[in-house]
Amino acid sequence: MSPKKDFPVAKRIANLGSETAFVMAAQAAAHAAKGNKVYPFHLGDINLKTPENIIEATHHALQAGHTGYTPNTGIPALREALAKEMNQTRGTAYSAENVAVQPGGKPVIGKFLLALMNPGDEVLYPNPGFPIYESQITFHNGIPVPYGVQVSGNRFTFNIDQLEQAITPKTRLLIVNDLHNPTGAECSPEERQRIAELAIRHNLLVLLDEAYFDIRYDGTSASLVSEAGMAERSVILYTFSKRFAMTGWRLGAAIGPKHIINIFATLNVNDESCTSHCTQYAGLEALTGDQQGAQDILACLEKRRNLATELLNTMEGVHCVRPNTTFYLYPEVTEAMANKGYTDYGEFLAAILQQTGVSMCARSHFGTPAPTEQRKYLRLAYSGIDIEMIEEGLEKLKIFLGS
Ligand code: PLP
């Protein structure tokens with residue numbers, strides 16, 4: 001909705017971006033409202049239920065009267081559990097004082113910038129990438145400097161040469177989303193070391209967006225924070241959203257050096273006061289209770305990933321890498337688009353939605369493509385669509401692309 005003509009909206013609002021996947025959601029909803037069947041591959045929401053033990057713990061918390069404000073950085077037991085979780089999985093030496101509980105992972109992005117970026121500072125961020133990075137950097141008067149992602153063999157990885165070349169004396173912050181939305185890119189151990197060396201050499205403070213750290217089908221996730229010298233300069237974005245299917249609960253945390261976490265505490269005071277009290281007990285149960293629910297979620301997502309990748313790779317002009325992590329696929333469709341006579345993503349997606357009901361995002365929803373980018377990509381999330389619907393929807397897409 002555009003503001004009224006004479007309504008005095010703050011100038012900074014013009015700098016605020018959006019999560020354009022929600023635009024696709026609106027188009028899909030409009031298509032469905034006309035009585036059409038929609039296959040929802042557009043939004044990274046999860047259509048699986050939060051594990052029962054977590055729901056029960058929340059009921060108990062409410063009945064036990066945990067309904068007032070909590071300390072601004074969260075209840076001590078959850079902060080301790082998060083510190084322990086980090087230390088066990090990332091080899092760090094955090095304590096509760098290194099943790100500020102947040103209403104979701106997303107608020108960590110804006111607060112990291114508010115705490116550490118001055119106007120005019122340059123911030124390196126992945127593009128393609130989560131669109132909120134660029135939106136928040138611009139909103140707070142920083143200068144967003146993108147670095148890309150590339151295909152290397154049969155995987156996506158970050159373009160660290162480009163990252164290095166983009167560093168200037170004005171670069172102050174670096175955002176890394178190792179286990180990456182939208183491509184599933186992840187660093188090899190050597191690549192992590194190289195990024196750490198760059199961050200230390202150029203004295204960069206680093207946001208480690210590890211939203212997908214636990215959405216992994218094979219092997220073990222590793223974090224940049226484990227590299228020597230990185231814990232001192234990094235803030236981890238942790239979220240309960242993905243691992244425990246808790247997107248709508250809004251629970252996450254910022255984890256990092258005490259002096260930075262203290263700033264997060266002050267920002268919390270000025271903003272939400274605290275994260276919902278009973279939800280914090282849900283998080284405590286999620287981390288310390290029975291893990292069967294989280295394992296079942298992962299097993300279900302893995303089946304979806306396998307089927308969707310396999311089907312995409314049978315389509316004319318489509319090539320899809322099968323990432324080990326996240327719940328996204330990022331198939332290359334350069335040839336498929338050319339075959340169908342499309343150059344514009346919007347028109348291509350609209351035609352697919354109209355003719356097949358399949359709703360997806362494209363590369364253009366994850367930052368402005370660089371002028372040098374020739375290849376075309378779509379992004380499919382399989383977290384919000386059941387296996388039968390994946391099969392049916394992608395069968396229709398295959399027919400559309402082959403016709
Ligand atoms: N970071 C990345 C890369 C994401 O994809 C998302 C959600 O899609 C988030 C952070 C934020 O998730 P939440 O606010 O639900 O924790």
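**Entry 1: two cis prolines.** I started at Pro182, which sits in the loop between strand E7 (171-176) and helix H7 (189-201). I am working with a predicted model, so I keep that in mind throughout. I looked up the peptide bond from Asn181 to Pro182 and found it cis, with omega near 15 degrees. Then I went to Pro128, in the loop between strand E3 (122-126) and helix H5 (132-139). The bond that leads from Asn127 into Pro128 is cis too, and its omega is near 10 degrees.

**Entry 2: two asparagines with positive phi.** Which loop holds Asn203? I found Asn203 between H7 and strand E8 (205-209). Asn203 is not a glycine, yet its phi is positive, at about 55 degrees. Next I checked Asn141, in the loop between H5 and strand E4 (143-147). Asn141 is no glycine either, and its phi is positive at about 65 degrees.

I also asked myself: is Asn203 buried or exposed? Its relative accessibility is 53%, so Asn203 counts as exposed, because the cut-off for that label is over 50%. Asn141 has 46%, so I wrote it down as partly exposed.

**Entry 3: a three-stranded sheet.** I traced an open sheet whose strands come in the order E11-E14-E13, with antiparallel pairing. Its edge strands are E11 (328-329) and E13 (361-362), each of which pairs on one side only. I reminded myself that strands of a sheet pair through backbone hydrogen bonds, either parallel or antiparallel. E11 and strand E14 (residues 378-381) run antiparallel and are joined by two bridges. Here I spotted Leu329 standing opposite Leu380 in E14.

**Entry 4: stepping back.** How many helices and strands does the protein have? I noted 13 helices and 14 strands. The C-alpha atoms fill a box of roughly 60 × 55 × 55 Å along the principal axes. A compact globule of 403 residues would have a radius of gyration near 22 Å, and the protein has 21 Å, so the two agree.

Buried residues make up 55% of the 403 residues. Among contacts with a separation of 6 or more, 74% come from residues 24 or more positions apart.

**Entry 5: surface and charge.** The accessible surface comes to about 17500 Å², and 51% of it belongs to carbon and sulfur atoms. I finished with the charged side chains: 35 are positive and 42 negative, and the centres of the two sets lie 5 Å apart.

Methods:
Residues numbered from 1 in each chain as written. Predicted model: local features only at pLDDT ≥ 70, side-chain atom pairs only at ≥ 80, totals over all residues. Heavy atoms only, no water. Helix = DSSP H or I, 4+ residues; strand = E, 2+ residues; numbered from the N terminus. Rg over C-alpha atoms; globule rule 2.2 N^0.38 Å. Buried < 20%, exposed > 50% of the residue type's maximum accessible area, 1.4 Å probe, protein only. Contact = heavy atoms within 4.5 Å. Areas by Shrake-Rupley, 256 points an atom, 1.4 Å probe, with all protein chains shown as cover. Lys, Arg positive; Asp, Glu negative; His and termini not counted. Charge placed at Lys NZ, Arg CZ, Asp CG, Glu CD. Pairing = 2+ DSSP bridges.
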